Amino acid sequence: MNNQGNPNLIHSRLPETEISKVFSNALNNYNRISSEDKAAIFYDLAFIERKIAGLKQIFPGATLHAVAIKANTLARVLEKMRAMGTGAEVASLPELFMAQEAGFAPGNIVFDSPCKTKAEIEYALKSGVYINADSFDELDRIAAIRETVKSESGIGLRINPQVGAGSINSTSVAGEFSKFGIPLNDNKERIISYFRNYEWLKGMHVHIGSQGCPVQLLVSGVGRVLDLALELNKLLENASKSNRVEVFDIGGGLPVLYHPGQETVSMEGYAAMLKEKCGELFTNRFRIFTEFGRYIHANAGWVASRVEYVKREKDYNIIMTHAGADLFLRKCYNPADWYHQISVVDKHGNAKTGTDKIKYTVAGPLCFAGDILARDIELPPVNEGDYLLIHDAGAYTLSMWSRYNSRQMPKVIGYYSGDDDFEVLKERERPEDLVEFWS
Ligand code: LLP
């Protein structure tokens, strides 16, 4: 990682030279890539550790960093994050099981989902995990189920501050309309009455979006909900019961870098802006929860995908490779919104850096025309047996894996940059595993 210029703007992508060196090492010195590994996913675990250590330094000590496990759901990675003292944000019952299996304490698990069933709520309440309700109806369900079970669960309410959308529609959730949370504009009084009624309701939750949301938008969304929490606490000051907002969950959403040379606001910069505009968050009045996912994982992971063929025609060249829309769902279906840098190494893992470049379209292996990773990009001459290295692929890639065409999920390899060792975080799926999956 190198800091340049403005200290609030950091470049935190793994350099191309480092990635190709690690790949060559895995290929040549450690035999980690066999001919059956048509593609492999790599995670720099030291990078993830640095991100988590940084987060813990930047926010107050009592903050719960509930990492959004939907960004990277690998059990081995969850165990490592738990050992580093994070919590886990989960968005479904199986994700909740994953977090429990990885050993997260119930109070460090935050259960978000806009569609929790009664049975799921009951399970969560009995387990003592923290629950963010997404609607008034869900709060009423929680109230009814709480009467029937013993529970230590903290409960919060997700509020949509309606501060606007970012540049990517499908990941923006704080516009006028959103399927998530309670829209603030028309519901302020009702929200207040729920906090008055339910003594156990002690948290407010806000999440603005994921990638494409400028940091100013995140801050203004947090600010709107914080104003409400402060107003509410003032109103409830003299209430006989102990109703008040104690937990403030700011969600995730800090954008990360995908393009070489681009800049974005660092976590330090984001926290400084929050301190300036939402200073009360950093006093003892609230316990902060965060739910970052992409920030922790996106730049830590990359994919090596073998070039199976190069189709050379008069007007175009197509690279046929093994990672496609199965792994890069968003990139292939929404190419205008997403980008991944691609570099090339030869079959021995040596970086191809020639200046004579050729235009290629990079196509995945799936049976549909939209399975295209990149169109008309310039690369050094590519040959059968080379590997494409696809950068910044650590978040919302494997966790969004598509079963279409029953491709085998690739092997996932972890390493600590600087150390010369590798560990298999997940084995490559076998064809038989797919036969079993569909049976
Ligand atoms: N908290 C909640 C309630 C969320 O819904 C999310 C992401 C996060 C936290 C984590 O946000 P992050 O820090 O990772 O930006 N590429 C995917 C992104 C979906 C994000 C969903 N929610 C997609 O295109 O569906």
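Which residues are linked with Glu36 in a network of salt bridges? In this predicted model, Asp37, Lys411 and Arg428 are linked with Glu36 in such a network. The legends below present close-up views of this network and of other contacts.

**Figure 1. A network of salt bridges links Glu36, Asp37, Lys411 and Arg428.** The view shows the side chains of these four residues: Glu36, Asp37, Lys411 and Arg428. A search of the whole structure finds 17 salt bridges. Side chains of opposite charge can pair when their charged atoms come close.

**Figure 2. Phenylalanine 42 and tryptophan 302 form a stacked aromatic pair.** The search of the whole structure finds 21 aromatic pairs. In the pair shown here, the ring centres of phenylalanine 42 and tryptophan 302 are 4.2 Å apart and the planes meet at 5°, so the pair is stacked. Phenylalanine 42 belongs to strand β3 (residues 39-44) and tryptophan 302 to strand β13 (residues 301-312), so that the pair links distant parts of the chain, 260 residues apart. Phenylalanine 42 counts as buried, at 0% relative accessibility. Tryptophan 302 is buried as well, its relative accessible area being 0%. Both residues also belong to one aromatic cluster, formed by Phe23, Tyr30, Phe42, Trp302, Tyr387, Tyr415 and Phe422.

**Figure 3. Tyrosine 198 and tryptophan 200 form a stacked aromatic pair.** The centres of the two rings, those of tyrosine 198 and tryptophan 200, are 4.5 Å apart, with 20° between the planes. Are tyrosine 198 and tryptophan 200 buried or exposed? Both tyrosine 198 and tryptophan 200 are buried.

**Figure 4. Strand β13 pairs with strands β3, β18 and β14.** Strands β3 and β13 run antiparallel and are joined by five bridges. Within this pairing, alanine 40 stands opposite alanine 304 of β13. Strand β18 (residues 387-390) pairs with β13 in the antiparallel sense over four bridges, and leucine 388 in β18 is the bridge partner of serine 305. The pairing of β13 with strand β14 (residues 317-321) is likewise antiparallel and extends over five bridges. In β14, threonine 321 is the bridge partner of valine 307. A hairpin of four residues joins β13 to β14. In a regular strand the side chains alternate between the two faces of the sheet.

**Figure 5. Lysine 80 and glutamate 423 meet in a salt bridge.** The N-to-O distance between the side chains of lysine 80 and glutamate 423 is 3.1 Å. Lysine 80 counts as partly exposed, at 24% relative accessibility.

**Figure 6. Glutamate 122 and lysine 126 form a salt bridge within helix α5.** The closest N and O atoms of glutamate 122 and lysine 126 are 2.8 Å apart. Because glutamate 122 and lysine 126 are four residues apart in helix α5 (residues 118-127), about one helical turn separates them. Glutamate 122 is partly exposed, at 31% relative accessibility, whereas lysine 126 is exposed, with a relative accessible area of 53%.

**Figure 7. Lysine side chains lie over the aromatic rings of tyrosine 295 and phenylalanine 111.** Lysine 51 is placed over the face of tyrosine 295, at 4.0 Å from the ring centre. The charged end of lysine 116 sits over the ring of phenylalanine 111, at 5.4 Å from its centre.

**Figure 8. Lysine 70 forms a salt bridge with glutamate 89 and approaches an oxygen atom of the ligand at 3.2 Å.** In the salt bridge, the closest N and O atoms of lysine 70 and glutamate 89 are 3.2 Å apart. The pair links distant parts of the chain, 19 residues apart: lysine 70 lies in the loop between β4 (64-68) and α3 (75-83), and glutamate 89 in strand β5 (residues 87-90). Lysine 70 is partly exposed, with a relative accessible area of 29%, whereas glutamate 89 is buried, at 2%.

**Figure 9. Ser210, Glu291, Arg294, Arg330 and Tyr396 come nearest to the ligand.** These five, Ser210, Glu291, Arg294, Arg330 and Tyr396, are among the 18 residues around the ligand. A polar side-chain atom of glutamate 291 is 2.7 Å from a nitrogen atom of the ligand. In the side chain of tyrosine 396, an N or O atom lies 2.6 Å from an oxygen atom of the ligand.

How values were computed
Residues numbered from 1 in each chain as written. Predicted model: local features only at pLDDT ≥ 70, side-chain atom pairs only at ≥ 80, totals over all residues. Heavy atoms only, no water. Phe/Tyr/Trp six-rings, centres within 6.5 Å; stacked < 30°, edge-to-face > 60°. Helix = DSSP H or I, 4+ residues; strand = E, 2+ residues; numbered from the N terminus. Buried < 20%, exposed > 50% of the residue type's maximum accessible area, 1.4 Å probe, protein only. Lys NZ or Arg CZ within 6 Å of the ring centre and 35° of its normal. Pairing = 2+ DSSP bridges. Near = heavy atom within 4 Å. Polar contact = N/O pair within 3.5 Å; in protein donor to acceptor, adjacent residues only side chain to side chain.
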